[in-house]
Amino acid sequence: MDRLLEYYLPLFILIYFSIIFVLPTVRIYRKTGINPVTFGKSDNAHDYIGGVMKFILLLLALAVGLYPFRQAYKFLCPIEYLNGDWLKYAGMVIIHSSLVWIMIAQYQMKQSWRIGIDEAHKTSLVTEGVFSISRNPIFLGMICTTMGTFLIIPNAITLLVAVMTYFVIQIQIRLEEEYLLKQHGELYAHYKNNVGRLL
């Protein structure tokens with residue numbers, strides 16, 4: 001299974017980044033003329049989080065990219081006792097399910113999808129579909145993806161990525177909650193009281 005993953009996992013991550021970041025960005029821009037990427041425009045907590053997220057994505061790409069190169073991969077400190085086939089299969093199920101989950105959430109968001117907080121354009125509050133189960137289904141999918149990747153290639157970097165992703169997303173969620181409460185008022189307050197932050 002390791003030999004198959006050496007080729008498949010880097011390809012999957014490339015497709016994953018394209019599907020959840022690049023394609024939706026292009027789609028929103030073409031339909032609305034709005035750049036949905038809102039990070040990096042000022043020196044505040046929101047943009048700092050955006051920078052940390054980019055760093056996490058680079059670490060993930062590094063870990064997956066080095067996986068086929070066994071001599072270099074050893075420097076990532078593999079956790080050998082977690083290197084079992086059943087964990088790899090579980091990780092594969094998780095990362096593929098997460099991708100499908102994120103795609104569904106992005107489709108249901110339609111033109112409201114953003115990377116970060118868009119204070120310049122008012123977006124509609126989506127509460128149906130997977131958003132009736134989770135207030136932040138895309139973030140949930142991203143957390144699950146990093147955890148699944150750790151199960152497939154358990155090492156110090158993928159563990160760091162999974163832990164950092166969880167905490168950085170928790171901070172970003174709280175920043176977005178403050179903004180959404182200001183933008184949607186009682187409508188968001190009611191939604192927040194009835195649907196869990198992640199589940």
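This report describes the helices, the nonpolar core and selected residues of a predicted model.

Residues are numbered from 1 along each chain as its sequence is written, and side-chain values use heavy atoms, with hydrogens and water left out. Because the model is predicted, local features need pLDDT of at least 70 and side-chain atom pairs count only at pLDDT 80 or more, while totals for chains, interfaces and linings use all residues.

**The nonpolar core**

The largest nonpolar core contains 52 residues. Such a core is a set of buried Ala, Val, Leu, Ile, Met, Phe, Trp, Tyr and Cys residues joined through side-chain atoms within 4.5 Å. Buried here means under 20% relative accessible area, exposed means over 50%, and partly exposed lies in between, with a 1.4 Å probe and protein chains only. At least two residues of this core come from each of α1 (2-32), α2 (45-66), α4 (85-109), α5 (137-152), α6 (156-184) and α7 (186-194). Helices are DSSP runs (H or I, at least four residues), numbered from the N terminus. The largest share of the core, nine residues, is supplied by α1.

Y16 and M142 have the most contacts inside the core. Leaving aside residues up to four places away in sequence, Y16 touches L99, I102, G141, M142 and T145. A contact means heavy atoms within 4.5 Å.

The 31 residues of α1 should span 45 Å at 1.5 Å a residue, and its end C-alpha atoms are 44 Å apart, which agrees. The expected span is 1.5 Å times one less than the number of residues. Within α1 there is a kink of about 40 degrees, centred on I19. The bend at a residue is the angle between axes fitted to the seven residues ending there and the seven starting there.

The buried residues of α1 are L5, E6, L9, F12, I13, Y16, F17, I20, F21, P24, T25 and I28. An α-helix has 3.6 residues a turn, so residues three or four places apart point the same way. The buried residues of α1 pack against α2, α3 (70-73), α4 and α5. After α1 comes G33, with a positive phi near 80 degrees.

Axes are lines fitted to C-alpha atoms, for helices over the stretch in contact, and angles run from 0 to 180 degrees between N-to-C directions.

| Helix pair | Packing angle | Axes apart |
|---|---|---|
| α1 and α5 | about 170 degrees | 13 Å |
| α1 and α2 | about 155 degrees | 9 Å |

Angles under 35 degrees count as roughly parallel, over 145 as roughly antiparallel, 65 to 115 as roughly perpendicular and the rest as oblique. The helices α1 and α5 are therefore roughly antiparallel to each other. In their contact, α1 contributes L5, L9, Y16 and F21, and α5 contributes G141, M142, T145 and I152. At about 155 degrees, α1 is also roughly antiparallel to α2. Here the contact is made by L9, P10, I13, F17 and F21 of α1 with L57, L60 and V64 of α2.

**Helix α4 and the residue after it**

Helix α4 has 25 residues and reaches 36 Å from its first C-alpha to its last, close to the 36 Å expected at 1.5 Å a residue. Its buried residues are L87, K88, G91, M92, I95, S98, L99, I102, A105, Q106 and M109. The cover over these buried residues includes α1 and α5.

Just after α4, K110 takes a positive phi of about 55 degrees, although K110 is not a glycine. Most residues other than glycine have a negative phi. K110 is found in the loop between α4 and α5, and is partly exposed, with a relative accessible area of 45%. C77, also not a glycine, has a positive phi of about 60 degrees and lies in the loop between α3 and α4.

I28 lies in helix α1 and counts as buried at 0% relative accessibility. I28 and Q111 are 83 residues apart in sequence, yet 6.2 Å apart in space, C-alpha to C-alpha. Not counting residues up to four places away in sequence, I28 touches G33, I34, P36, K110, Q111, W113 and R114.

I143 lies in helix α5 and, at 4% relative accessibility, counts as buried. The C-alpha atoms of I143 and T165 are separated by 6.3 Å, with the two residues 22 apart along the chain. With residues up to four places away in sequence not counted, I143 touches T165, Y166, I169 and L198.
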